[in-house]
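Please consult the sequence and the structure shown here.

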Amino acid sequence: MVAKSSIEWGDMMIVSGVVIGAATFLFRKSLFGKAKATIVQVEHKPGAALQQTARSEYNASRDFVAKMRKAGKNVVVFYGSQTGTAEDFAGRLGKDMQSAGVRPLVLDPELYDWQNLAALGPNELVVFLLATSGEGEPTDNMEAWFNALALDRENPEQSEAPEFHQPSDKDTLDHEAPLTGTAYAMFGLGNNTYEQFNQHARVVDGRLHALGATRVGERGEGDDDVDIEEDFSKWKEATLPLIRKHLGAADDSSAEVSPPTWDITEVSADGDQVWTRGEMGDSSGGAAVGPHSPFNAPIAAAVDLTPSGDRYVLHVEVELQGSGVRYETGDHLGVYAANADAEVDLLLRALQLQGCADTPIAVRALDPFAAQQTLFPGTATTYRAAFRHYLEIAVPVPRAQISALVLPHARSAAARAFLGPLAADKGAHAATVAAGCLTPARLLLAVREAEAAAGVAESDMLALPVATAFELCPRMQPRLYSISSSARVAPTRASLTAVVLQYDAQTGLAARLPLGARRCGVATNYLLAAMQMHGAGSSSALIADAKNHSVCTYANLPRTLPVFVRRSPFRLPSDAATPIVMVGPGTGLAPMRAFVQERAQLARESPEAAQGTALLFFGARSAARDFTYGDELATLFADIGRVAPESRIITAFSRDQPQKIYVQNRIADYADLVYRTLLCGQEKLNGPPRAHIYVCGDAKHMAKDVACALVTLIADREGVSEDVAAKWITEMRRLSRYQEDV
């Protein structure tokens with residue numbers, strides 16, 4: 001009895017301990033307050049600085065507050081940039097706010113620790129310019145900051161407070177509101193065609209506020225689908241006075257000509273010290289391949305997929321063997337292109353640099369604390385090489401840049417009369433500069449044409465300083481393409497699929513200027529030239545073009561492409577038994593081809609293994625001229641069909657019949673098959689489908705129309721309202737079962 005009683009008492013003690021421990025865990029916040037964030041390591045990305053969501057040790061080289069104070073700055077501008085726009089905006093904002101009382105420093109957050117945010121004083125301020133990447137994701141260079149501030153990705157507002165470094169000049173930080181007294185301003189860059197519009201900026205803004213920081217002005221939200229330049233200008237006009245007021249600075253920023261950013265010096269340099277081939281970094285010398293050190297990948301294949309069509313759709317393969325780079329099916333390939341010879345020569349002419357185009361120059365930032373100290377990684381380059389490889393010279397000049405950088409240098413009344421409306425009036429700028437795609441070169445030549453017509457003497461005509469021209473042109477950015485090959489099938493050879501962009505500007509001024517109205521996309525025409533060279537077996541330029549395309553020439557065109565791989569969340573389900581529905585019209589087919597290759601290879605490798613149905617909706621204008629990869633896809637689906645019999649490709653060729661048909665129409669036509677695929681073996685959905693849906697292509701119309709077609713289909717088959725069906729689609733997005741690459 002005694003033994004039995006003691007055992008029961010011991011059991012009770014154990015059970016009681018478990019219950020108390022569980023209760024303590026469940027109600028730990030109520031009992032003890034919020035726990036500190038766990039220290040988590042984030043996977044290191046190739047070519048990037050080490051990223052960590054938390055680091056307990058202090059690193060002086062990554063302390064942006066110490067750097068600010070050492071440089072005598074009182075504002076730090078951080079940019080979260082994926083394609084370069086936010087970085088460009090950050091540099092321009094820094095110049096615009098520069099005054100005696102406002103001294104900004106523009107920095108890349110990837111190189112600095114978020115833990116020092118709490119050290120900012122009452123007379124200092126941080127500005128965030130944050131682009132949203134993918135489905136509401138932070139940009140690569142803001143990943144560590146975002147992970148720390150929004151530790152709970154699913155419910156950011158419920159994230160626990162991260163542990164900031166304790167400033168030596170402040171009282172002990174309030175754990176609940178450690179950023180009390182920290183001031184910030186916020187502008188987001190997004191596109192309203194994405195469901196998670198400006199989510200990156202919205203989440204960071206909300207978390208900063210929750211942690212006690214005070215926002216100066218309203219959060220700006222730029223929309224790239226409408227006019228992100230105008231959105232940015234309006235936000236600046238409203239916010240800069242508030243920033244000056246917060247810092248107690250007078251508005252003395254009205255100088256006619258702002259100081260230059262770059263110092264450009266003609267130098268004497270040996271040939272091997274002058275970088276003229278667009279070198280971006282030394283990935284062959286041990287540096288990890290990435291955006292700042294791409295791999296010069298040999299072009300293994302290049303063909304036109306639509307030889308009978310009226311435009312070029314290119315298939316290009318690059319060899320990654322020896323680069324140390326691995327890609328996964330669904331990733332993106334970043335490609336650095338070059339500006340065409342004609343565009344380079346036009347800008348040299350507009351700046352009157354023809355006589356010294358190949359003179360070696362050194363380009364250095366005048367501010368020793370600027371984030372970007374050099375334009376290129378080498379010792380010297382030339383004017384020609386800088387315009388060809390390192391600067392975006394083929395984009396229209398933004399209205400704000402005409403006002404800030406060009407108009408102040410206009411000496412004649414004729415020049416001011418021409419430029420004034422373009423700088424002041426949104427409509428005039430849209431009708432002349434945007435519609436005519438007036439690049440820096442074309443804008444300068446148009447001004448000189450107006451001055452010549454007014455009889456202005458040559459000596460009094462607009463002469464833009466070279467340093468200002470360099471500032472007028474953003475830094476050359478890589479173009480990202482969905483990889484159109486499967487890593488399972490071709491692990492060391494990545495493919496891309498792209499349509500060559502050419503169009504005619506619709507203004508009389510554009511047609512009258514040198515080179516005429518034809519405008520050519522920078523990267524796709526570079527790829528076209530690479531394809532033509534690859535087929536011709538030499539670097540000689542074509543003389544004629546059978547598709548009535550303007551032929552862009554490139555001196556000394558290499559047989560390699562500078563590339564890197566960017567990870568993408570666009571992934572097949574890990575279980576091949578999960579059904580997939582793919583929608584990829586036009587070149588939106590690229591990642592879908594990779595997915596189909598992968599499923600077909602799995603079917604060949606494991607013919608006994610279960611595999612879910614794979615449906616591909618492909619659309620183009622004409623079957624005879626635009627059915628890219630048609631024969632290959634038929635073979636691939638035949639292989640998949642042996643293990644998943646209902647798998648098939650469904651086409652929509654819009655111009656092959658009197659009434660246009662698009663992929664969203666085909667979804668309705670094949671509603672029974674689509675619904676069976678979404679059911680994934682269930683009798684009813686009763687909630688978000690377990691199948692995965694992928695959409696790639698036009699975001700503005702097609703992606704929305706496809707989502708609407710699926711909502712209608714689900715509502716009809718399940719007998720629920722479209723509101724309920726739409727919520728199921730939203731939940732699929734949250735669970736990464738509905739993915740868009742648009």
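In helix 7, the residues Ile 228, Glu 230, Phe 232, Ser 233, Trp 235, Lys 236, Thr 239, Leu 240, Ile 243, Arg 244 and Leu 247 are buried, a term for under 20% relative accessible area, with exposed meaning over 50% and partly exposed in between (1.4 Å probe, protein chains only). An α-helix has 3.6 residues a turn, so residues three or four places apart point the same way. Helices here are DSSP runs of H or I with at least four residues, numbered from the N terminus.

The model is predicted: local features need pLDDT of at least 70, side-chain atom pairs count only at pLDDT 80 or more, and totals for chains, interfaces and linings use all residues. Residues are numbered from 1 along each chain as its sequence is written, and side-chain values use heavy atoms, with hydrogens and water left out.

Helix 7 (residues 228-247) comprises 20 residues and spans 27 Å from its first C-alpha to its last, close to the 28 Å expected from 1.5 Å times one less than the number of residues. At Thr 239, helix 7 bends by about 30 degrees, the angle between axes fitted to the seven residues ending there and the seven starting there. A proline, Pro 241, follows within four residues. After helix 7 comes Gly 248, with a positive phi near 70 degrees.

| Residue | Relative accessibility |
|---|---|
| Cys 473 | 4% |
| Cys 696 | 5% |

The count of disulfides is zero, a disulfide being a pair of cysteine sulfur atoms within 2.5 Å.

Conventions:
Helix = DSSP H or I, 4+ residues; strand = E, 2+ residues; numbered from the N terminus.
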